[in-house]
Amino acid sequence: MKFNRFLLTLIVPVMMIGCDKPDTPQDEPTPEPPVEKPDTPTPTPTPEPELAPEIKSGDCVLAPNANAEKFVAEVTYPDRDYSYSVVMDFHGGYNGNLAEGESVKSDKPSEYTLRWTADEAAGKLKLELAEIETGWKMEQEISAGSANVVVTNLTPDVHYTYKVSSIDNGTVMTEGEFSTYGSIRQVFFKTRVRNGRDLGGWLTYGGKMVKYHKIYRTGRWESGTMSNSGKKAIIAEGVKAQLDLRNTSDVCEKATIDGMDFCAPIIETGGDSMLKAEGGDKTRQCMQFIIDCVKNDKPVIFHCSLGRDRTGTLGMIILGLLDVVEGDISKEYEVTYFSPRGWSIAESETYKTFQNKRTTWAYKPAAEYIWAGKYPNATYEFVDDVNSPDYTPFSVRIEKYLLDIGISQEDINTFRELMLTEPYADLTPAE
């Protein structure tokens with residue numbers, strides 16, 4: 001081993017002598033630096049969208065917003081006494097006392113989620129929702145591959161059936177039934193049609209109830225505030241007519257949704273001036289349109305700009321004619337408080353606190369005008385003593401007012417017959 005190693009040391013130098021050397025030294029080639037591969041970021045999982053609470057077959061859920069429900073369920077106002085209001089004591093409206101980051105959304109009814117196992121093979125789906133007590137039904141198309149759908153605008157104290165199935169082959173994804181409870185029915189049609197509710201559900205002095213799905217009140221309607229999904233929801237609800245109470249500066253020229261009956265009498269302001277103006281002609285036009293819609297089974301929505309003063313005044317006339325308890329009518333007027341600024345404020349668009357209570361403009365002067373009996377075309381002598389057998393209730397005074405401005409007795413009678421029913425059973429769960 002030593003010998004062999006010695007021979008190699010002799011051979012290698014000889015071999016090197018026989019090689020040509022370059023005239024100038026040549027640097028060794030600089031090796032390319034290793035390419036640093038950027039760290040592959042760990043993909044951030046897409047957060048699941050926050051869904052409304054799940055509703056399952058057999059559940060009983062609150063239909064309206066909890067904040068508005070608390071006010072309606074707990075407060076009782078006396079008839080004809082507008083000396084006080086308690087609405088601003090309740091959380092959830094625009095009273096300037098919101099928590100940090102909290103927005104006013106108590107005019108939106110409760111939302112719930114129906115869930116099922118997604119199946120792409122089922123294709124497009126449809127939701128079928130129906131109320132047993134009223135006979136009302138609706139259908140909603142759902143995208144293929146979906147695993148849930150949100151239901152809202154629910155009617156209190158009714159039993160619902162639901163089914164989600166494939167449009168193509170009828171495969172049922174989920175089905176069942178649930179019930180609801182609550183004092184009022186709020187409605188929300190995306191995106192900025194706020195301060196909406198169904199006039200149904202209120203009780204009369206005689207124990208009857210105003211029917212749901214007939215007459216609705218909301219804030220402003222126009223193409224700039226109503227999304228396509230909002231329009232679809234209104235159509236699915238079954239609404240077929242629009243009454244615009246606004247003045248010339250912002251009134252619609254035609255129905256916001258094509259094909260609907262439309263009326264726009266041009267009204268400047270609400271309160272008693274709306275009832276007096278031009279001998280009550282504009283109010284007569286409004287009421288005749290409402291009555292005709294009900295007679296022809298065309299559910300109707302009426303609105304002004306905010307759904308507050310002119311809308312509130314007409315709401316008072318409608319519910320008053322139906323013999324709803326007058327103290328409750330004034331409470332219904334104040335539910336507008338649970339809407340955001342831009343719908344609920346009174347003094348200006350920048351004023352921070354809602355002031356449009358039943359004690360001020362516009363409910364009080366309108367109600368006092370009806371109680372007084374001095375109408376556009378005649379003055380009526382009414383008995384004010386509630387203990388007298390001849391006492392004149394609010395509904396009779398409303399009736400006299402409408403007769404005075406040109407609504408027929410036949411239409412009044414028919415309207416009452418079509419709009420009243422026996423109340424549904426209270427489905428509020430036991431505590």
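Predicted model: local features only at pLDDT ≥ 70, side-chain atom pairs only at ≥ 80, totals over all residues.

Me: How many salt bridges does a search of the whole structure find?

Reply: A salt bridge is a side-chain nitrogen of Lys or Arg within 4 Å of a carboxyl oxygen of Asp or Glu, and the search finds 20 of them. One of these joins the side chains of R185 and D198, with 3.0 Å from N to O. R185 lies in strand β8 (residues 185–189) and D198 in strand β9 (residues 193–198), so the pair ties together parts that are 13 residues apart in sequence; helices (H or I, at least four residues) and strands (E, at least two) are DSSP runs, numbered from the N terminus.

Me: Which salt-bridge partner does E422 have, and where do the two residues lie?

Reply: E422 pairs with K208, and their closest N and O atoms are 2.5 Å apart. This pair links distant parts of the chain, since E422 is in the segment after β15 (420–421) and K208 is in the loop between β9 and β10 (209–210), 214 residues apart.

Me: Are R185 and D198 buried or exposed, and what of E422?

Reply: Buried means under 20% relative accessible area, exposed over 50%, and partly exposed in between (1.4 Å probe, protein chains only). R185 and D198 are both buried, whereas E422 counts as partly exposed at 47% relative accessibility, and K208 is partly exposed at 35%.

Me: Why does T256 count as buried, and which residues is T256 in contact with?

Reply: T256 counts as buried because its relative accessibility is 13%, and this residue lies in the loop between β12 (241–244) and β13 (261–263). Contact means heavy atoms within 4.5 Å; leaving aside neighbours within four places in sequence, T256 touches W221, E222, S223, M226, K231 and Q242.

Me: How many bridges join strand β3 to strand β4?

Reply: Two strands pair if DSSP finds at least two bridges between them. Strands β3 (residues 125–131) and β4 (residues 137–142) run antiparallel and are joined by six bridges, with L129 standing opposite M138 in β4. Five residues lie between the strands of this hairpin, in which G135 takes a positive phi near 85°.

Me: What lines the largest pocket, and which cavity does the structure hold?

Reply: On a 1 Å grid over the protein atoms alone, a cavity is a set of points where a 1.4 Å probe fits but cannot get out, and a pocket is an open set with protein on both sides within 12 Å along at least five of seven lines; lining residues have an atom within 4 Å of a point. Grid points are joined across faces, edges and corners, and a volume is the space filled by probe spheres set on the points. The largest pocket holds about 1,000 Å³ of space and is lined by 39 residues, of which E111, V150, T152, K190 and A233 lie nearest its centre. Helix α3 gives the most to this lining, with six residues. The structure holds one cavity of 30 Å³ or more, and K214, C293, V294, D297, K298 and P299 line the largest cavity.

Key
Residues numbered from 1 in each chain as written. Heavy atoms only, no water.
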